[in-house]
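Here is my note on the model, point by point. Please keep the structure open while you read.

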Amino acid sequence: MSTSSSRISGFHNLSMAERLEKVIEVAGLNPDVANHMGNTGNLTGEIADSMIENAIGTMNIPIGVATNMVVDQQDTLIPMATEESSVVAAVCNAARQCRDSGGFITSMSGSLMIAQVQLVDVPNPEFARLQILEHKADIKQICDETDPVLLKHGGGFRDVEVRVLEGSHTGTMVITHLIVDTRDAMGANAVNSMAEAVAPLIAKWTGGRTYLRILSNLADRRLARARATWTLDAIGGESVRDGILAAYEFADIDPYRAATHNKGVMNGVSAVVLATGNDTRAVEAGAHAYAAQTGRYRSLTHWEADRDGNLTGMIEIPMPVGLIGGATKSHPTARIALDIMAVKSADQLARTIAAVGLAQNFSALKALATTGIQKGHMALHAKNIAVMAGAIGTEIEAVARDLVKLGTVRVDIAEEVLSKLRG
């Protein structure tokens with residue numbers, strides 16, 4: 001065990017290999033770690049070093065492809081990056097069961113993002129609110145001049161809103177929202193730059209002081225929507241439908257259940273967001289904030305029965321994703337994932353991701369309403385446990401199969417099964 005200090009002067013100036021060597025030394029690791037960490041997979045060390053501070057290697061996550069998806073009458077393959085074994089299978093199964101009823105129908109509210117400028121120390125905040133609104137034309141000019149490339153592609157400033165909020169510590173705040181169309185970009189850099197450019201003038205017009213100038217990840221002007229119908233024949237009858245509806249209602253009225261319910265939605269959403277090089281944290285933060293907009297944390301999905309008794313599901317979720325900028329442009333695997341999906345716009349990508357989230361939720365609810373989540377999940381998880389127990393090659397499948405038969409998916413049991421298998 002190392003007793004060296006974590007204070008490493010000039011660490012960021014070292015090469016990636018030198019940083020790794022230093023970490024091995026400081027942390028007292030086996031020198032063989034260098035060989036493992038030095039293998040950066042399909043991401044070159046040069047690109048990895050440009051994407052993160054103090055890079056020493058990469059963390060490779062498996063990419064699977066969900067099949068059977070029909071989105072807006074178009075067959076679509078869905079690349080998903082995740083370490084959870086049941087996620088891809090869940091989407092495949094959900095999509096297969098609604099193919100004959102048309103698959104997923106999607107829509108989008110727009111591609112608008114919000115930048116916030118916080119103003120404090122204003123004695124007459126309502127007066128200041130009107131002062132800011134009166135300068136809408138000036139604000140538009142400043143914003144559009146800040147990002148002429150965005151303007152060239154049909155985006156740019158769209159509107160300004162001003163809110164007056166009461167703070168317990170800083171007093172009354174005047175919050176300006178810049179509403180910006182970011183088109184095929186996620187838009188964080190664009191709207192942040194606009195907020196920075198506008199802030200000094202807001203302070204000048206009102207006599208107040210500006211503090212925070214940053215985007216909001218509650219992208220409620222950028223909602224992706226998806227809906228689908230599952231027939232009774234496809235899902236196994238009325239009892240399954242009613243079980244799914246009961247499970248949904250539980251999630252919609254109880255935040256303890258809703259947290260796990262929505263985590264299931266995000267299993268699918270985040271896997272596609274990650275595979276395409278988009279910002280999983282931004283999407284997750286926005287989704288969970290949106291789920292609580294009524295003042296109570298609720299389900300991101302909504303489930304009903306139609307007049308024929310079929311199960312209908314819907315999702316509406318903030319989806320600030322892009323096709324240009326960041327890792328979507330610099331990460332070669334992300335570009336391949338986008339090519340697999342054959343998406344042509346950020347709008348199409350966002351709508352497809354929403355459909356995946358709905359599919360994921362359907363599979364989770366159906367499992368809960370029928371066999372139970374553990375049986376299906378553990379059957380897939382058994383392979384991971386087999387590997388943890390030391391199984392290799394064909395042993396993995398054999399050990400996993402025996403674990404499922406035994407009904408106990410644990411490492412210690414897997415080790416016993418493997419020992420017997422090897423004689």
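1. How many nonpolar, polar and charged residues are in the lining of the largest pocket? The lining has 23 nonpolar, 18 polar and five charged residues. Here Ala, Val, Leu, Ile, Met, Phe, Trp, Tyr, Cys and Pro count as nonpolar, Asp, Glu, Lys and Arg as charged, and the others, Gly among them, as polar.

2. Some ground rules. This is a predicted model, where local features need pLDDT of at least 70, side-chain atom pairs count only at pLDDT 80 or more, and totals for chains, interfaces and linings use all residues. Residues are numbered from 1 along each chain as its sequence is written, and side-chain values use heavy atoms, with hydrogens and water left out.

3. Back to the largest pocket. Its space comes to about 1,400 Å³. A pocket is found on a 1 Å grid over the protein atoms alone: it is an open set of points where a 1.4 Å probe fits, with protein on both sides within 12 Å along at least five of seven lines. Grid points are joined across faces, edges and corners, and the volume is the space filled by probe spheres set on the points.

4. The lining counts 46 residues; a lining residue has an atom within 4 Å of a point. Met51, Gly277, Asn278, Ala327 and Thr328 lie nearest the centre of the pocket. Several elements give two or more residues to the lining, including α3 (45-51), α8 (188-206), α11 (255-275) and α12 (280-291). Helices (H or I, at least four residues) and strands (E, at least two) are DSSP runs, numbered from the N terminus.

5. Next, the aromatic rings. The structure holds four aromatic pairs. Rings of Phe, Tyr and Trp (its six-membered ring) pair if their centres lie within 6.5 Å; planes under 30 degrees apart count as stacked, over 60 as edge-to-face and the rest as tilted. Trp230 and Phe362 are stacked, because their ring centres are 4.4 Å apart and their planes stand at 5°. Trp230 is in strand β8 (residues 223-230) and Phe362 in helix α15 (residues 346-369), so this pair ties together parts 132 residues apart in sequence. Both Trp230 and Phe362 are buried (under 20% relative accessible area, with a 1.4 Å probe and protein chains only).

6. Phe362 has another partner. Trp303 and Phe362 form a tilted pair, 6.3 Å centre to centre with 40° between the planes. Trp303 sits in strand β9 (residues 301-305) and Phe362 in helix α15, so the pair ties together parts 59 residues apart in sequence. Trp303 is buried too, like Phe362. Ring pairs link Phe104, Trp230, Trp303 and Phe362 into a cluster.

7. On to a sheet. Four strands form an open sheet in the order β5-β6-β4-β7, with antiparallel pairing. Strands pair if DSSP finds at least two bridges between them. β5 (156-167) and β7 (209-216) each have a single partner strand, so one side of each lacks a neighbour in the sheet. The twist averages 20° from one strand to the next. Eleven bridges pair β5 with β6, and a hairpin joins these strands through three residues. Val160 stands opposite Leu178 in β6.

8. There is another open sheet of four strands, antiparallel, in the order β3-β8-β10-β9. Its edge strands are β3 (105-108) and β9. Five bridges join β9 to β10 (residues 311-318). Ala305 stands opposite Leu311 in β10.

Notes: Buried means under 20% relative accessible area, exposed over 50%, partly exposed in between (1.4 Å probe, protein chains only). Axes are lines fitted to C-alpha atoms, for helices over the stretch in contact, and angles run from 0 to 180 degrees between N-to-C directions.
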